[in-house]
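The sequence and structure are shown first.

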Amino acid sequence: MRIGLIGGGNIGKFLLQSINMNGLLPDGKIVGLYSRNQQSAEQLAREFDTENYLDIQSLIESAAIDLVIEAANIQVVKDYAATILKSGKDLVVSSVGALADGDFYQQLEKICQEARSKIYLPAGAIGGLDILKAAKSIGELESVSIITRKPPQALPGAPVDREQVMFEGTAKEAIELFPKNINVSIILSLAGLGPYKTGVKIISDPAVRKNSHLIEAAGSFGALSLQVENDPMPNNPKTSYLAALSVLSVLKNKDAVVKVG
Ligand SMILES: NC(=O)C1=CN([C@@H]2O[C@H](COP(=O)(O)OP(=O)(O)OC[C@H]3O[C@@H](n4cnc5c(N)ncnc54)[C@H](OP(=O)(O)O)[C@@H]3O)[C@@H](O)[C@H]2O)C=CC1
Ligand SMILES: O=C([O-])CC(=O)C(=O)O
C-alpha cells in the first residue's frame, strides 16, 4: 500500500512514526506528504523518509500513491475528497465531520461508484458503531446520543475555572459550531440515525484530564451505554490517542481476508 498523507499534525506524525519508522503496517509505506506549513513538512519528510509535496494537487495526481489519508481538517475534505476519489485513489478521512452534509456525502458516494474508489471512515475516538449498524439493519434503532466531556484546553471558549455545558443539540449543529472537537458525533450519526437525530452534549470540565465520550442508544436490540475515557495526544489535548490508533487500525484491516465486526 503506497500512502499519501495530508496533514502533518498529531495524527499525521503518529502515522509517520508508526508506519515509516516502526514498520507497523506490513507492506505499507507513507510515500508522500503534504502539509500546510512547508518548513515542518520538509522536516517531517526528512525524519520519516518520505517525499514532501509542495502542493496538494501534485500529491493527489502522483502515480506513486494508491491511497490518501486526510489528517488535516474538514475544509480539506470538502475541497479535495472529490478529486482524490475521481483519480481512483481510496481515501481515509479523519475529519469525518465533513460528511455531516448529506448532499456532499451522496456526491462522494456517486464518485466512488463511478471511479471504483473507496472511502474509509475510522471510528475515531469512540466505539460501539458495530452495535448501531446491526440495530439499524432492520430499522429498529430508536435513539442515539453522545455526551462528550473534555478539559477546557480542548474546547474553544471554555472557562478554565468551572464546569460548563458548551453545547446541547443535534450532531448537525454541534459539528458546525465545534468543527475540530466533535467529529465523533458525525461518525456516530453515520452509523446510526443521521446528524439530525443524534443528540450531543459537550461539557467542559476543568477537573478532568481525559477526553471522555458516553454513548447511549436504544432499540429493539436492547440498550447500549458505552463510556470511553481517552488519553489525549501528547501535543494536542483536543485529539484523543484512540483517534490516531483507529486510523492505523483501518489501514491494517483494509485488505484482511477475515473481517471482524
Ligand atoms: N474522528 C475523530 O474521532 C477525530 C477526528 N479528529 C480530526 O482529525 C483531524 C486531524 O487531527 P490532528 O492531527 O489532531 O490535528 P492537528 O491540528 O494536530 O493537525 C492538523 C494538520 O493539518 C495541517 N493542515 C491544516 N490545513 C491544511 C491544509 N489546507 N492542507 C494541508 N494540511 C493542512 C496542519 O498544518 P499547520 O501545522 O500549518 O496548522 C496540521 O499539520 C482534525 O480535523 C481533527 O478534528 C481529531 C480527533 C478525533
Ligand atoms: O479526540 C476526541 O476525543 C474527539 C474529537 O476531537 C473529535 O471528535 O473531533
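**Domain arrangement**

In this predicted model, the C-alpha centres of domain 1 and domain 2 are 25 Å apart. Domain 1 covers residues 2–121 and domain 2 covers residues 129–238. Nine residues from domain 1 and 12 residues from domain 2 form the contact. On the side of domain 1 that touches domain 2, five residues are nonpolar and four are polar, with no charged residue.

The shell holds 29 residues, of which Gly7, Gly9, Gly124, Thr239 and Ala243 come nearest to the ligand.

Among the secondary-structure elements, α1 (10–21), α8 (183–191) and β13 (236–240) each contribute at least two residues to this shell. By residue class, the shell around ligand 1 consists of 12 nonpolar, 15 polar and two charged residues.

**Packing of α4 and α5**

Helix α4 (residues 74–86) packs with helix α5 (residues 102–115) at an angle of about 15°, and their axes are 8 Å apart. Because angles under 35 degrees count as roughly parallel, α4 is roughly parallel to α5. The crossing of α4 past α5 is left-handed.

From α4, the contact involves Lys78, Ala81, Ala82, Leu85 and Lys86, while α5 provides Phe104, Gln107, Leu108, Ile111, Cys112 and Ala115. Eight of the residues in this contact of α4 with α5 are nonpolar, one is polar and two are charged.

Methods: Residues numbered from 1 in each chain as written. Chains lettered and ligands numbered in written order. Predicted model: local features only at pLDDT ≥ 70, side-chain atom pairs only at ≥ 80, totals over all residues. Axes fitted to C-alpha atoms, helices over the stretch in contact; angles between N-to-C directions. Helix = DSSP H or I, 4+ residues; strand = E, 2+ residues; numbered from the N terminus. Parallel < 35°, antiparallel > 145°, perpendicular 65-115°, else oblique. Left-handed = near helix turned anticlockwise from the far one by under 90°. Contact = placed C-beta atoms within 7 Å. Nonpolar A, V, L, I, M, F, W, Y, C, P; charged D, E, K, R; others polar. Near = placed C-beta within 6 Å. Domains from an automatic or database assignment.
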